[in-house]
Amino acid sequence: MTNAISGLGLAPDAAMITFPIGLFLPGSDIAGIEARKQEFYDGLLHWQSSHAKSAGASRMLKVEANSYEEALQRANDLAITNLWGDGLPLWPATRERVNRMLRGTPLPRTHVIGKFPPRGGITTVETCAIALAMAGGRAEYLPVLIAAVEAFLHPETNAEQLQAASGSAFPVVVVNGPIAKQIRLNSGFGCLGPDPQRPAGASIGRALRLIQQNVGGALPGIGAMANYGGMRNVNLVFAEDEDNIPEGWPPHGTEHHGFARETNSVSVFFCNGATNARRRGAKKETPEEDATQGMYRLAEFMRVPNYTNLSGYEQGTPGAILIPGVVANNMAKLGWTKPKMREFFYQHSRIPQSEIKRNGGTAWIEIDASPITRESLKLDPWPITSKPENFIVLVCGGGHPTNSFWLQGYSPRVIGKEIRVPETFEQLLTQADRDLGCGDDVCRI
Amino acid sequence: MIELEFHDPAGALEVTQPHAPRLTTLAGKKIGFVSNEQWQAFRTLPLIKSLFEKDFPDVQMLPIDAFPQGNALIGEEKTAMMVKDAGVDAVIIGNAA
């Protein structure tokens, strides 16, 4: 609550009367309210903010120790005591390290991207560089992080709610364009997780999470009521496998956001689940049977009452299905396209109204703010999203046909942003080759 | 001695508007409710209203539904204008969880 208030430009406290969660549940005993009635009266009569007019500008901190190792430990301890840590070792954001990160952007360090909700911390290019430095990132990752933060703070993402709500939303950042390979961002085997061969995704995602927590105030159980908070250590930052997108299938950035091919871009949406879905058949299927049965299995995997995502029903996404390139190419040979797949998912992930009624979904749909969502109650079976175009189909993952992956949406919008790199970007890539070894596939073990 | 100096990562905050001034008394005041209709608000807010009315007989408590209710509506500018136009001296907002 205090986060939400400071996010509105008020001092970060308020006249609040708080009770244990039990009082707010059906059938609860609410007599405790009367016992504390004086607090309500005092809230209107006597409460005063304990905060000064301004919380002040960002500052420098210092630790002293007998050795560098001890100083590093103290800096990490300080991060934890100030609630800036995530349980993993952090690089202190020294001036030198932050200045090194800032070489990755043509923007001035003081450029304000926005206020990060719900706390409302002012988010500048320097703020991003500080988080990336702490997360173990590199300068060439900064353009992607800045574009991701710009998308995150877009007014239509409803980020102030997603950051604080109990539904455990996490951001997904999909990168298109040549920058993905240039900075060693994974689009193949294990693209959703950390990869020492392609380490960019983990660092960028961790930096984004640190900004969400430290600048946005999304502290578990205090500023963010996400019950489980999945995928938080590194969020999800990966690239579409553009080398293996079938001919005639546009990359996601082009198809969904209208960017020209080869444009470096991010697409940011939010999810609350990420799970494997068995796609390949097990016996003697023909190619056509393998494709069709796999599509049915995926569609039926999506057919769940994800009412958490009703805010994304009209213009957001029910989720993203990840298809490996080898499968996408086989399906393309059989006449499948991304639009045809989306239409299939739309039709075959519908839920009978009898089930919606039985599980109480009717009430959730009835109270939704969107008339289109409320009107959807007339459709039987009920489509899990308002239109086929809302499904995201991405070509990525390793060259193996058995499994796909479903990222279950919790996303009022899907926002695209172009990535801007400095004129000296090539120098950063050359430096990365010197620091990390050759980044091309031919150099790998 | 090693010194390690580094940036505070939390970012600055900007306080752009003060909280509403507190009332000097509840006597004769008009108090409204803005409800998200969640978390048993249909029981808790009427109880709070009745407590005010019992302890301060000359306070004017507006009906719980005097203003638009529900998460989708209570944050809208239109709702804020309705509250302002109603001439209330104070507003109680509930329930968050």
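**Entry 1: the two chains together**

How much area is buried between chain A and chain B? I looked this up first, keeping in mind that the model is predicted. I got about 5,200 Å², and carbon and sulfur atoms give 65% of that. On the chain A side, A:Phe24, A:Tyr41 and A:Leu44 lose the most area to chain B, and together they make up 14% of what that side buries.

Next I checked who takes part. Chain A puts 72 residues into the contact, and chain B puts in 44 residues.

**Entry 2: charges and polar pairs**

How many salt bridges are there between chain A and chain B? I found six. I noted down the one between A:Lys62 and B:Glu3, where the closest N and O atoms are 3.8 Å apart. I also looked for polar contacts across the two chains, and the count came to 19 residue pairs.

Then I asked which elements of chain A touch chain B. Those giving two or more residues include the helices α2 (32–35), α3 (37–45) and α4 (68–81), and also the strand β1 (60–65). Sorted by class, this side of chain A has 44 nonpolar, 16 polar and twelve charged residues.

I went back to β1(A) to see what sits beside it. Strand β1 of chain B, residues 2–7, is joined to β1(A) by six bridges, and the two run antiparallel. Which residue is the bridge partner of A:Leu61 in β1(B)? My note says B:Phe6.

**Entry 3: helix α6 of chain A**

Is α6(A) mostly covered or mostly open? Mostly covered: ten of its ten residues are buried. Among them are A:Val125, A:Cys128, A:Ile130 and A:Met134. I wanted to know what they pack against. The list has α5, β2 (112–116), β3, α7 (142–152) and α10 (200–214) of chain A, plus β1 of chain B.

I looked at both ends of the helix too. At the start, a side-chain oxygen of A:Thr124 comes to within 3.3 Å of the backbone nitrogen of A:Glu126. After the helix comes A:Gly136, with a positive phi near 85°.

A:Glu126 lies in helix α6 of chain A. Why does A:Glu126 count as buried? Its relative accessible area is 19%, and buried means under 20%, so A:Glu126 falls inside the cut-off. Its side chain is joined to that of A:Arg109 by a polar contact of 2.9 Å. Leaving out residues up to four places away in sequence, A:Glu126 touches A:Val98, A:Leu102, A:Arg109 and B:His7.

**Entry 4: B:Gln17, in a loop**

I then moved to chain B and picked B:Gln17, which is found in the loop between β1 and β2 (30–35) of that chain. B:Gln17 counts as partly exposed, because its relative accessibility is 40% and that class runs between 20% and 50%. What is B:Gln17 in contact with, beyond its neighbours within four places? I wrote down A:Leu8, A:Gly9, A:Leu10 and A:Ala11. I also checked B:Asp65, which is 48 residues from B:Gln17 along the chain; their C-alpha atoms are separated by 28 Å.

**Entry 5: a hairpin in chain A**

Last stop: β2(A) and β3(A). Four bridges join these strands, which run antiparallel. A:Lys115 has A:Ile122 in β3(A) as its bridge partner. The hairpin has four residues between the strands, and A:Gly120 takes a positive phi near 90° there.

Key
Residues are numbered from 1 along each chain as its sequence is written. Chains are lettered from A and ligands numbered from 1 in the order in which they are written. This is a predicted model: local features need pLDDT of at least 70, side-chain atom pairs count only at pLDDT 80 or more; totals for chains, interfaces and linings use all residues. Side-chain values use heavy atoms; hydrogens and water are left out. Contact means heavy atoms within 4.5 Å. Buried area is the accessible area (1.4 Å probe) that two parts lose on being put together, summed over both. A salt bridge is a side-chain nitrogen of Lys or Arg within 4 Å of a carboxyl oxygen of Asp or Glu. A polar contact is a pair of N or O atoms within 3.5 Å; within protein, one must be able to donate a hydrogen and the other to accept it, and residues adjacent in sequence count only if both atoms are side-chain atoms. Ala, Val, Leu, Ile, Met, Phe, Trp, Tyr, Cys and Pro count as nonpolar, Asp, Glu, Lys and Arg as charged, and the others, Gly among them, as polar. Two strands pair if DSSP finds at least two bridges between them. Buried means under 20% relative accessible area, exposed over 50%, partly exposed in between (1.4 Å probe, protein chains only).
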